[in-house]
Amino acid sequence: MDKMDLDGPADSSGDTTDSELPSHYGNAVPDISVTKASANAKPVVATERTDLPKYVLQFVLEGHRAGVTTVKFSADGRWIATSSADKTIKIWHAENGEYETTIEGHGRGINDIAWSPDSNMLASASDDKTVRIWNVMSGRILRTLRGHTNYAYSVDFNPKGNLIASGSFDESIKIWDVKRGVCLRTLPAHSDPVSAVHFTRDGTMIVSCSHDGQIRLWDTSTGQCLKTLIEDNNSPVSCVRFSPNGKYLLSGTLDSAVRLWDYLKGRCVKTYQGHKNEKFICVPTFSITRGVWVVSGSEDGRIFFWDVQTKEVVQVLDGHKDVVLAVDAHPTKNLLVSAGLDGVVKIWIER
Amino acid sequence: MNLLLSDPFALSQEYPENLTHTLNYGHSTCIKFNRKGDYLASGLIDGTVVVFDFETYGIARVLRGHTRSVQSLSWSRDGRYLLSSSRDWKCILWDLKDGSREKTVRFESAIWGAELHPFNHQIFIAALLDDSPTLVDFSDNTIRKHLLSSAPLQKDDEEEEEEGFQDGDVRERKQDKQSTLVATFTRSGQYIFAGTSKGWLNVIDSETLQTVRSEKLTTSNIKHICFSISGKQTIRLYHTPDLTYVDPVDWDIDIVHRFQDVVNRLHSNGDYDAHDIYIWETTVGSLIVDVQWDPNRTLVAATGLDHGTIYVWATVTPQRWSALAPDFVEVEENVEYEEREDEFDIIPDAVANKRKLDQEDDDEVDVVTIERVRGEFSEESFVIPVILDEDDETFDSSDSD
């Protein structure tokens with residue numbers, strides 16, 4: 001149940017049979033042929049630069065009994081929250097990887113978690129069709145948001161902390177009032193499961209993406225669709241989020257590419273390739289504490305870093321034995337946390 | 001940031017014509033938006049002050065403290081403090097971070113209204129019923145009250161008795177005693193505009209507390225003074241329904257327009273906006289007590305006299321169908337489509353993708369710097385923290401679309 005030091009994980013949590021995991025892990029998307037794009041692209045590995053990231057493994061956190069689906073740093077940078085298919089959320093210290101507490105209560109595996117902006121509350125979306133709000137310190141449940149008719153896939157707090165957006169397998173997005181726990185609006189967002197939702201830093205827009213290959217931008221206060229983006233090959237988009245300044249979108253698609261979109265121009269401005277992502281949801285993120293990198297996990301157990309401008313692969317981290325589903329960068333320090341189907345959470349540091 | 005993607009022409013010409021929400025919490029007598037427009041404070045007839053969150057239309061804070069009906073509300077600039085004055089002769093400054101009372105000031109008579117200084121939440125001006133208007137300052141933990149004169153500045157004879165300060169007795173010999181009914185700070189906080197029961201407007205310097213200018217505007221009471229955002233124009237509302245729009249450029253207080261209220265509304269308030277003053281009159285049955293215009297959106301909130309419910313009018317924008325597909329564009333009339341030279345060329349996927357990837361290399365992307373969007377409210381505004389009590393779980397909500 002505790003963290004271990006660097007010498008190799010003692011392991012029972014590594015194997016997860018498909019029968020334990022909710023169905024969407026194994027076969028969320030039927031057949032997608034690998035497009036020629038990924039076969040062609042030769043990621044340039046930069047070797048002559050001196051400002052490359054040099055992350056090394058610092059801590060290994062064990063305790064989850066099934067694959068870990070999401071890992072998130074709190075907004076104040078003190079905690080790490082991990083959610084898993086074993087229906088629990090675990091809280092760890094960000095500084096030293098020490099285990100803090102476990103939050104239980106969902107009926108089925110948890111797909112996504114989000115911290116409130118004051119770092120006191122966590123929202124979690126689960127296969128039991130509910131979104132729950134928890135008090136982190138006491139572990140007690142504050143609100144249960146019911147309304148989705150199928151798995152809840154993704155959840156996000158708005159920057160003010162009074163709204164939650166959740167995306168679901170039932171193809172809709174719901175906006176909830178945190179204080180009263182009621183659904184304020186349902187957006188008929190897509191025609192396939194909604195795989196991710198994210199608010200801009202001023203809370204006025206929500207971006208969502210889906211297995212139908214579309215990325216849509218919504219106005220929070222009126223619920224209207226403002227823009228739709230789609231890539232030519234229609235491959236399912238597994239995750240999308242706003243850049244730190246809210247002007248670009250980062251999307252991960254199941255054709256082994258991570259794309260950066262300028263939504264005002266309506267087109268993709270950068271494509272990052274080299275990793276493998278065809279079946280699972282590998283969440284890409286930005287790391288901006290020193291150097292601006294795009295980080296993503298891959299289905300071969302590795303973690304890739306790309307330079308935002310040049311698209312070169314600047315570092316590859318090895319260490320997981322199975323698909324790396326989630327990565328997150330610390331808001332102020334050079335820390336990275338990663339987790340995947342092997343149930344192990346790893347903290348990487350760059351000194 | 002949604003302004004970047006919205007249609008600018010659709011935004012600019014809309015009036016709030018649809019009743020979108022009704023807020024029912026007690027009987028509300030007075031409402032006020034904060035500077036950003038995302039919170040609305042409402043004072044109830046039993047003395048409670050309720051703060052509504054206008055993103056969720058739910059209640060953000062309930063502030064209990066007054067024992068009689070709330071007379072007026074005033075927000076601090078950053079939105080963290082709220083000053084309420086009530087018929088129980090007290091003014092309370094609330095800290096919205098947790099709903100606690102920051103300061104309570106007791107007066108010797110009933111209060112018409114109290115306004116906070118636009119930049120300093122520790123100074124406010126109160127207009128009292130049986131007393132002179134008072135400037136209250138509690139900057140260094142002591143409550144200091146400065147009394148201001150209600151008497152207008154005399155410019156012609158009587159130079160000897162021209163004391164800016166007090167001495168209602170002296171004045172009484174010259175003219176009938178008048179009381180100040182409303183006092184408010186200018187947008188910069190440098191002057192105080194005070195309206196009296198005899199129709200005089202007194203301009204008082206807020207540092208020296210001397211009356212620097214007086215002007216007789218009308219013969220009836222001045223009930224309400226309100227400044228426009230730029231601070232240049234004001235509206236005054238009189239006891240007989242007659243609104244005046246005045247432009248004090250270069251201290252020449254000229255009456256620029258006079259609006260005559262068609263229907264007799266004795267107790268109504270008006271908000272400055274030259275276009276839309278009459279919109280609410282036609283649609284509400286009962287008498288309106290307070291109308292407030294949201295400072296940043298086309299949205300109006302009004303309370304009715306009978307029930308005290310707050311009615312919210314806003315614009316309803318229709319769905320823009322062109323946003324649902326990436327290459328749809330809404331056009332006014334049919335456009336002839338002209339094919340490109342290479343429209344039907346067959347390019348093998350590999351080559352097409354390589355071409356696309358090469359084009360990307362030229363773009364410089366900046367994902368970190370934050371740019372201000374023109375038209376958005378960009379000042380720091382206090383966010384009222386959401387406090388969920390653990391006791392009131394089993395808010396087992398259901399889909400209430």
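B:Ser76 is in contact with B:Tyr81, B:Leu116 and B:His121, leaving aside its neighbours within four places in sequence. The residue sits in the loop between β6 (70-75) and β7 (81-86) of chain B. The model is predicted.

Stay in chain B for the aromatic residues. Over all chains, the count of aromatic pairs comes to twelve. One of them joins B:Phe54 and B:Tyr57, with ring centres 5.0 Å apart. Their planes meet at 55°, so this pair is tilted. Both residues are buried, but their values need a look. B:Phe54 has a relative accessible area of 1%. B:Tyr57 has 19%, and it still counts as buried because the cut-off is under 20%.

B:Phe107 and B:Phe124 give an edge-to-face pair. Here the centres are 6.5 Å apart and the planes stand at 75°. B:Phe107 lies in the loop between β9 (100-106) and β10 (111-116) of chain B, whereas B:Phe124 belongs to strand β11 (residues 123-128). The pair therefore ties together parts that are 17 residues apart in sequence. Both B:Phe107 and B:Phe124 are buried. Chain A has an aromatic cluster, formed by A:Tyr151, A:Tyr153 and A:Phe169.

Now take chain A as a whole. It holds two helices and 29 strands. Of its 351 residues, 65% count as buried. Among contacts in chain A with a separation of 6 or more, 48% come from residues 24 or more positions apart. The chain exposes about 11,900 Å², and carbon and sulfur atoms supply 48% of that area.

The largest nonpolar core has 19 residues. Within this core, A:Met205, A:Ile215, A:Leu217, A:Leu249 and A:Tyr263 touch the most other members. Four strands of chain A each supply at least two residues: β16 (205-210), β17 (214-219), β18 (225-230) and β19 (237-242). The largest share, four residues, comes from β19(A). A:Leu217 shows the surroundings of one core member. Not counting residues up to four places away in sequence, A:Leu217 touches residues including A:Met205, A:Val207, A:Phe242 and A:Tyr263. Its contacts also include B:Leu5, in chain B. A second, separate core has 17 residues, among them A:Ala123, A:Val131, A:Trp176 and A:Cys183.

Charged pairs follow. The whole structure has 15 salt bridges over all chains. In one of them, the side chains of A:Lys333 and A:Glu95 meet at 2.2 Å, N to O. This pair links distant parts of the chain, 238 residues apart. A:Lys333 is in the loop between β27 (324-329) and β28 (335-340), and A:Glu95 in the loop between β5 (88-93) and β6 (99-104). A:Lys333 is partly exposed at 35% relative accessible area, and A:Glu95 is exposed at 53%.

A:Asp262 and A:Lys265 form another salt bridge, at 3.8 Å, N to O. A:Asp262 is buried, with a relative accessible area of 9%. In chain B, B:Asp342 and B:Arg340 meet at 3.2 Å, N to O. B:Asp342 counts as partly exposed at 38%, while B:Arg340 counts as exposed at 52%. Salt bridges with shared partners also join A:Lys160, B:Asp38 and B:Glu55 into one network.

Finish at the surface of chain B. B:Val329, B:Val331 and B:Val335 make a nonpolar patch of about 310 Å². B:Val335 is in the loop between β24 (310-314) and α3 (349-360). Its relative accessible area is 63%, so B:Val335 counts as exposed, the cut-off being over 50%.

Definitions and conventions
Residues are numbered from 1 along each chain as its sequence is written. Chains are lettered from A and ligands numbered from 1 in the order in which they are written. This is a predicted model: local features need pLDDT of at least 70, side-chain atom pairs count only at pLDDT 80 or more; totals for chains, interfaces and linings use all residues. Side-chain values use heavy atoms; hydrogens and water are left out. A nonpolar core is a set of buried Ala, Val, Leu, Ile, Met, Phe, Trp, Tyr and Cys residues joined through side-chain atoms within 4.5 Å. Buried means under 20% relative accessible area, exposed over 50%, partly exposed in between (1.4 Å probe, protein chains only). Contact means heavy atoms within 4.5 Å. Rings of Phe, Tyr and Trp (its six-membered ring) pair if their centres lie within 6.5 Å; planes under 30 degrees apart count as stacked, over 60 as edge-to-face and the rest as tilted. Patches are made of residues with over 30% relative accessible area and no salt bridge: like charges are joined within 9 Å, nonpolar side chains (Val, Leu, Ile, Met, Phe, Trp, Tyr) within 5 Å. Accessible areas come from the Shrake-Rupley method with a 1.4 Å probe; for residues, only the protein chains shown count as cover. A salt bridge is a side-chain nitrogen of Lys or Arg within 4 Å of a carboxyl oxygen of Asp or Glu.
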